Amino acid sequence: MIYEGKQKIWSEYQKDIPDDHYFYVRSCIRQSFFPASEKVFLDIARNKLGKDFFETEHHTTCGGIAYHSDAIPQETSMTIIARQFALMHKYGYQNYVCSCITSFGLYTETLETWREFPELEARIKENLWKSCKLEFAKPKYLAHASDLIYKFRNQIASQAKFKLIEKKTGRPLRVVEHIGCHYAKMFPSKGFGGAEYPYVLAGMIEAWGGEVIDYPERRHCCGFGFRQYLVKSNRGYSLSNTHKKFESMEPYKPDMIITNCPGCPYFLDRWQYVISEIEGKTYGENGHGIPVFTYEEVAGLVLGYDPWDLGLQVHQVSVEPLLDKMGVPYDPQMKYKGKNNKDIGRPELPTCACL
Amino acid sequence: MDFGFSLSPSSRIDLDLFDREKFRQLTELEPDVLKCMACGSCTATCTAGKFAKNSLRSAILYLQNGQSAQALEYLKPCMLCGKCFMVCPRGINTRHLILSILKIYGDAK
């Protein structure tokens with residue numbers, strides 16, 4: 001299919017999402033993997049875009065990892081989710097936005113299951129009252145945080161201090177976009193662009209000046225896959241998935257990767273180190289890896305946040321080559337300084353001295 | 001460095017390397033090969049298959065993927081007894097098909 005044709009199909013998969021007033025829930029793992037992403041999202045939403053985003057410390061994990069690992073039954077995860085929705089209702093919100101793709105997929109699955117099986121919904125309602133004494137409610141609208149950044153991408157572009165463009169040459173950066181499987185592969189109508197042509201990240205890249213790479217394994221899973229990495233002996237499957245994607249994208253010489261899932265940036269980032277140790281191969285320029293970012297981090301870079309405030313120092317693949325390309329200023333001395341200039345420690349270099 | 005896990009070899013089929021000509025010849029000689037729905041009745045009933053690696057179902061799939069050497073491996077122990085012909089729900093003349101495969105792909109290494 002020709003690229004223009006794809007763009008036309010993408011434009012037909014749109015969804016209307018509310019402008020404002022959201023109940024925000026964090027991911028249980030993103031804060032360890034990419035510690036500043038969620039903070040930056042809230043800062044952009046509240047202070048740069050002037051929106052009302054509420055969060056409470058009382059919300060918990062959605063139970064997604066336990067559910068997908070067969071550690072808890074579906075009813076348990078549904079009751080956890082019902083509690084989250086009840087908290088939203090308690091604080092007077094109707095629109096629910098989550099930071100995690102696994103959660104988004106599970107919330108969608110749960111709402112669809114309740115719609116299909118009302119008797120199950122009634123049982124969960126009872127479970128919720130017995131366990132938490134909370135009133136059952138369902139959100140009027142369920143969104144993923146990347147939907148909102150996508151929705152406001154042009155507003156972000158209008159406030160941009162840096163674009164996804166190589167400063168020296170004016171060349172648009174070649175960007176690989178990777179969308180979490182649970183965003184639209186299970187319920188295509190719930191994501192921008194459906195399952196096959198999701199536009200949520202491509203839209204951001206185009207609005208911010210980059211060029212989207214269309215490579216053969218674009219829709220392939222990153223390899224996260226829950227049971228693939230939870231058991232050590234299975235991790236080869238996870239690694240092989242990531243390897244397959246990198247082999248496929250390599251000829252297109254990507255400058256960076258953007259993802260909207262908790263697991264994808266983590267695995268695409270960390271497995272580059274493992275592949276370099278096992279095979280001695282790196283996929284970026286000059287023996288470096290390809291830097292991998294969350295969409296909030298990229299929005300933050302575009303809006304001129306300090307790279308170290310975005311938590312880019314905890315990435316496995318060093319981000320400096322990309323910052324240099326974009327012309328983003330940074331202080332190398334401050335890379336490993338935490339709060340109040342406290343040293344946060346330095347990672348050991350890989351044995352192949354790359355990345 | 002030993003991580004305790006490693007890369008799995010890729011099982012990707014490169015269709016650019018697919019020898020379509022031989023498969024075209026086969027379908028010309030044996031159009032019934034396209035009727036196979038890989039149900040596995042032939043393999044389940046195979047007398048040789050109980051003791052050796054013999055499976056017409058696998059062989060057809062390998063041929064479709066352009067892996068003729070593997071396909072021939074799966075046909076080697078065949079004694080041409082014809083039991084598979086009797087059980088095939090699509091009525092494929094399996095014995096004749098196997099002979100045609102050997103005739104066309106016989107030199108595959």
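Me: Before we start, how are residues, chains and ligands numbered or lettered here?
Reply: Residues are numbered from 1 along each chain as its sequence is written, while chains are lettered from A and ligands numbered from 1 in the order in which they are written. Since the model is predicted, local features need pLDDT of at least 70 and side-chain atom pairs count only at pLDDT 80 or more, whereas totals for chains, interfaces and linings use all residues.

Me: And what is the mean pLDDT of chain B?
Reply: The mean for chain B is 89, with 97% of its residues at 70 or more; pLDDT is the predictor's confidence in each residue, from 0 to 100. The model's scores are ipTM 0.74 and pTM 0.81.

Me: How many helices and strands are there in chain B?
Reply: Chain B has six helices and zero strands, where helices (H or I, at least four residues) and strands (E, at least two) are DSSP runs numbered from the N terminus. Its C-alpha trace spans about 55 × 35 × 25 Å along the principal axes.

Me: What percentage of chain B is buried?
Reply: Of the 109 residues in chain B, 26% are buried, and that label applies if 20 or more other C-beta atoms, placed from the backbone, lie within 10 Å of a residue's own, with exposed meaning 12 or fewer and partly exposed in between.

Me: Over to chain A, then: which domains does the assignment give?
Reply: Chain A is assigned domain 1 (16–145) and domain 2 (146–341), with bounds that come from an automatic or database domain assignment. The centres of the two domains, taken over C-alpha atoms, are 25 Å apart. Their contact takes 30 residues from domain 1 and 33 residues from domain 2, a contact being two residues whose C-beta atoms, placed from the backbone, lie within 7 Å.

Me: Which element gives the largest share of domain 1's side?
Reply: That is helix H6 (101–116) of chain A, which supplies seven residues of the side of domain 1 that touches domain 2.

Me: What order do the strands of the open sheet in chain A come in?
Reply: Four strands of chain A form that open sheet in the order E2-E1-E3-E4, with parallel pairing; two strands pair if DSSP finds at least two bridges between them. Strands E2 (53–54) and E4 (141–144) of chain A are at the edges with a single partner strand each, so one side of each has no neighbour in the sheet. Strand E1 (residues 22–25) of chain A pairs with E2(A) over two bridges, and A:Phe23 has A:Phe54 as its bridge partner in E2(A).

Me: Why is strand E5 of chain A described as largely enclosed?
Reply: Four of the five residues of E5(A) (residues 174–178) are buried, which is why the rest of the structure largely encloses the strand. E5(A) runs parallel to strand E6 (residues 211–212) of chain A, joined by two bridges, and A:Val175 stands opposite A:Val212 there. Four bridges also pair E5(A), in the parallel sense, with strand E7 (residues 256–259) of chain A, where A:Glu177 faces A:Ile258 as its opposite residue.

Me: Last one, where is A:His89 found, and what does it touch?
Reply: A:His89 is in helix H5 (residues 74–90) of chain A, and it counts as partly exposed because it has 17 C-beta neighbours inside 10 Å. Leaving out residues up to four places away in sequence, A:His89 touches A:Glu135 and A:Ala137.
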